[in-house]
Amino acid sequence: MFRFLTAGESHGPGLTAIVDGVPAGISISAKDINVELKRRQGGFGRGGRMDIESDAAEILGGVREGMTIGSPVSILIRNKDYKNWQDRMSVEATGKKPEPITTPRPGHADMAGYLKYGFDDIRNVIERASARETAARTAVGAVAKKMLTIFDIRLASNVLSIGDVKTESVINDMEDAKIINGSQVRCINEKASKRMVEAIKKAKEEGDTLGGVFEIVVFGLPPGLGSYTQWDMRLDSRLAGAVMSIPAIKGVAIGDGFAVSEKKGSQVHDEMSLTRDKRIKRTTNRAGGLEGGVTNGEPVRVTAAMKPIPTLKKPLHTVDVKSTKEALALKERSDVCAVPSAAVVGEAVVAIEVAKAFLEKFGGDSIKEIERNLSSYKEGM
Ligand code: EPS
């Protein structure tokens, strides 16, 4: 079973991930992971922290001579910023209690975490709830992507809106991914990209933040991943859960999502016909590649809505939990918009779920074994 855990605080020494169930025989290097880490760090609207960090993975286990060996893959990403935070984030006891944070930001995990764990310093919550954790998940996603690429399964993401600036342009093939990588906001539509950048600039001037919508598309999936036989085997629900677990995501849709509720059945379902060589084809993919929670051979399409980041330069009203007086929320350095980064994280978490489902269906301890299983499945189709 492909599974993983991450650990680490945003301003602590670093982030770690252990990925278990990685088949033997995948060629991987820190460089491969770093490409994804760099993509995640980019995007117009990121704050000062990204000028400090240049995320780099160190692989500490599970890889020998550039190949996975079936053992757990262990990854470390150091936080460069830790050196500036040792007074507040020391792992070892210093005897000097850092000044506690007592003004929770509405919309952040601050208040919920403070109540849940009974802390007197909200810093303990901020540090782990921070979206910095997604760097570790992006690294895990890079391992999943490396495996999927062997089987010609590829992923791309595209920003569909930032604030009220929207585009209808969606990803049609992997060629589109190249255009998107060239956009400052990871949006395929050049005009919309420019307007999105302007919207972020304006929000920054106003001391505000912006959310948005992005899509993730997976190409090359064989039919039959996931299962309708149990609720927790349905791949659509697993993908939705994985994408919803990215900080600030408030909505996830598969295929045409919420829009299908307004339409008639004849306008929603993807009809089947035969090609000249008698293969079954679909003319539309409104289902987003999933029927009954199982891949149907069409590209899988997931869309996610991200709320604006809750750390505002022009802080919101809150209550100081120590003095119990009304106050202004914590004003920390932060991003103005992280939708393009979240889209890259979306690719990672979708890659992880797809890799899990792929290994459930074709699983083996080595890539060679998986190749045999896949080709025998395809022969029987
Ligand atoms: C984040 C706040 C900012 C972001 C951070 C997520 O960090 P800082 O407080 O250090 O300025 O930059 O994102 C990352 C560090 C990252 O790697 O994505 C938050 O509160 O969630």
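Predicted model: local features only at pLDDT ≥ 70, side-chain atom pairs only at ≥ 80, totals over all residues.
Residues are numbered from 1 along each chain as its sequence is written, and side-chain values use heavy atoms, with hydrogens and water left out.

Q: In which helix does R39 lie, and which residues does R39 touch beyond four places in sequence?
A: Helices (H or I, at least four residues) and strands (E, at least two) are DSSP runs, numbered from the N terminus, and R39 belongs to helix α1, which covers residues 30-41. Contact means heavy atoms within 4.5 Å. With residues up to four places away in sequence not counted, the residues that R39 of helix α1 touches are K145, N181, R186, V344 and E347.

Q: Where is E53 placed, and is E53 buried or exposed?
A: E53 sits in the loop between α2 and β3 (57-61). Buried means under 20% relative accessible area, exposed over 50%, and partly exposed in between (1.4 Å probe, protein chains only). Because its relative accessible area is 4%, E53 counts as buried.

Q: Which backbone nitrogen does the side chain of E53 reach?
A: Leaving aside neighbours within four places in sequence, E53 is in contact with Q41, R78, N79, K80, D81 and R132. Its side chain makes a polar contact of 2.9 Å with the side chain of R49. The backbone nitrogen that the side chain of E53 reaches, at 2.8 Å, is that of K80.

Q: How is the aromatic pair of Y117 and F119 classed?
A: Rings of Phe, Tyr and Trp (its six-membered ring) pair if their centres lie within 6.5 Å, and planes under 30 degrees apart count as stacked, over 60 as edge-to-face and the rest as tilted. By this rule there are four aromatic pairs. Y117 and F119 have 5.4 Å centre to centre and 15 degrees between the planes, and the class of this pair is stacked.

Q: Why does the pair of F151 and F358 count as tilted, and how many residues apart in sequence are the parts that the pair ties together?
A: The ring centres of F151 and F358 are 4.9 Å apart and the planes stand at 45 degrees, so the pair is tilted. F151 lies in the loop between α6 (134-150) and β7 (154-162), whereas F358 lies in helix α11 (residues 339-362). F151 is buried at a relative accessible area of 10%, and F358 is buried at 1%. The pair therefore ties together parts whose separation in sequence is 207 residues.

Q: Which charged residue lies over the face of W85?
A: A charge sits over a ring if NZ of Lys or CZ of Arg is within 6 Å of the ring centre and within 35 degrees of the ring normal. K116 lies over the face of Y117, at 5.4 Å from the ring centre. Over the face of W85, at 3.9 Å from the ring centre, lies R88.

Q: In which strand is V302 found, and what is its relative accessible area?
A: V302 is found in strand β15, residues 300-306. V302 counts as buried because its relative accessible area is 1%.

Q: Which helix supplies the largest share of the lining of the largest pocket?
A: On a 1 Å grid over the protein atoms alone, a pocket is an open set of points where a 1.4 Å probe fits, with protein on both sides within 12 Å along at least five of seven lines, and lining residues have an atom within 4 Å of a point. The largest pocket holds about 740 Å³ of space, and of its 35 lining residues the closest to the centre are H108, S130, A131, R132 and S334. At least two lining residues come from each of α2 (49-52), α5 (123-129) and α11. The largest share, three residues, comes from α11.

Conventions:
Points joined across faces, edges and corners; volume = space filled by probe spheres on them. Polar contact = N/O pair within 3.5 Å; in protein donor to acceptor, adjacent residues only side chain to side chain.
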